[in-house]
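Welcome to this short tour. Please take a moment to look over the sequence and the 3D view before reading on.

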Amino acid sequence: MAGHSKFKNIMHRKGAQDAKRAKIFARHAKEIMVAARDGDDPDMNARLRAAIAAAKAQNMPNDKIDRAVRKGSGGGEADAYEEIRYEGYGPGGIAMIVDVLTDNRNRAASDIRATFSKHGGNLGETNSVAFMFDRVGQIQYPTDAASADDMFEAALEAGASDVESSQDRHEITCDPDEMNVVREALEDRFGGPAVAALVWKPKNTVDVDESKAASLFKLLHALDDNDYVQNVSANFDVPEEVMAKLNS
């Protein structure tokens, strides 16, 4: 199992199973609020369009989305949030990027640092691992949304740079500036995606053995449970045989 988006999918499913949907919605609401600081019209605000699309992909109700847009465009609470990117290494030398939205920079830094330390990781300086990732737009559909050939053809026609189809999903990658164009074209043809977001995609992945995988997953789960954390990206890959042992 590769890191990055696959881990996020696991977290979203786990969140629903554990009745954490409200927490997922809260994260999307914060992103919408911050995006709306630059204008409440999605047609004129690309970041807001992307934030709303990501929220809808998680079935966030329209009234909650509209409320977040109003709060953000009106300033106040949205103005208190600061965007911070933390970079570091997890168990096994796995490179990690943690995107945070917080109204308390000192508390967030302390929490993230303590979480890394507790689970065998360590924070690095800004840009210490960012060069190992590409900032991309990512759109995902379940496999039953279309055949691999149809999705490949439609995505490339829409302007995507890459399409990968597996047993459980189609993953479309595009330039960040083109994400809304690509998403809208695919949505017209296949309906709403399961995921539509700007992400950090690792250029290469690192295999994690059984001795490190359990610790790494504990760190990822701990970060995902942190209220300040919006997204976690990591460049790991866990071989199928290791995943089977961990799940046994």
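What follows is a walk through a sheet, some helix pairs and one alanine in this predicted model.

## Strand E6 and its partners

Strand E6 (residues 169-174) is joined to strand E4 (residues 133-142) by six bridges, and the two run antiparallel. To find this pairing in the 3D view, look for Gln 140, which stands opposite Glu 171 in E6, and for Gln 138, which stands opposite Thr 173 in E6. E6 also pairs with E5, again in the antiparallel sense, over four bridges. Here Ser 165 has His 170 in E6 as its bridge partner. The link from E5 to E6 is a hairpin of three residues.

Is E6 enclosed or open? Six of the six residues of E6 are buried, so E6 is largely enclosed by the rest of the structure. Both of its faces are covered. On one side lie Arg 169, Glu 171 and Thr 173, and on the other His 170, Ile 172 and Cys 174, all of them buried.

## Helices H6 and H7

Two packed helices are described by the angle between their axes and the distance between the axes. For helix H6 (residues 148-158) and helix H7 (residues 179-190), the angle is about 140° and the axes are 9 Å apart. This angle makes H6 oblique to H7, since the count as roughly antiparallel is kept for angles over 145 degrees. H6 passes H7 in a right-handed crossing.

Which residues meet where H6 and H7 pack? H6 brings Asp 150, Met 151, Ala 154, Ala 155 and Ala 158, while H7 brings Val 181, Val 182, Ala 185, Leu 186, Arg 189 and Phe 190. In this contact, nine residues are nonpolar, none is polar and two are charged.

## Helices H3 and H4

Another helix pair is formed by helix H3 (residues 46-57) and helix H4 (residues 62-73), which pack at an angle of about 155° with their axes 10 Å apart. That angle makes H3 roughly antiparallel to H4. The crossing of H3 past H4 is right-handed.

On the H3 side, the residues that meet H4 are Leu 48, Ile 52, Ala 55 and Lys 56; on the H4 side they are Asn 62, Ile 65 and Val 69. Sorted by class, this contact of H3 with H4 has five nonpolar residues, one polar and one charged.

## A look at Ala 35

Our last stop is a single residue. Ala 35 belongs to helix H2 (residues 21-35). Is Ala 35 buried or exposed? Its relative accessible area is 0%, so Ala 35 is buried.

Setting aside its neighbours within four places in sequence, Ala 35 is in contact with Asn 45, Arg 47, Leu 48 and Ala 51. Ala 51 is 16 residues away from Ala 35 along the chain, and the C-alpha atoms of the two are separated by 7.3 Å.

Conventions
Residues are numbered from 1 along each chain as its sequence is written. This is a predicted model: local features need pLDDT of at least 70, side-chain atom pairs count only at pLDDT 80 or more; totals for chains, interfaces and linings use all residues. Side-chain values use heavy atoms; hydrogens and water are left out. Axes are lines fitted to C-alpha atoms, for helices over the stretch in contact, and angles run from 0 to 180 degrees between N-to-C directions. Angles under 35 degrees count as roughly parallel, over 145 as roughly antiparallel, 65 to 115 as roughly perpendicular and the rest as oblique. A crossing is left-handed if the near helix is turned anticlockwise from the far one by less than a right angle, and right-handed if clockwise. Contact means heavy atoms within 4.5 Å. Ala, Val, Leu, Ile, Met, Phe, Trp, Tyr, Cys and Pro count as nonpolar, Asp, Glu, Lys and Arg as charged, and the others, Gly among them, as polar. Two strands pair if DSSP finds at least two bridges between them. Buried means under 20% relative accessible area, exposed over 50%, partly exposed in between (1.4 Å probe, protein chains only).
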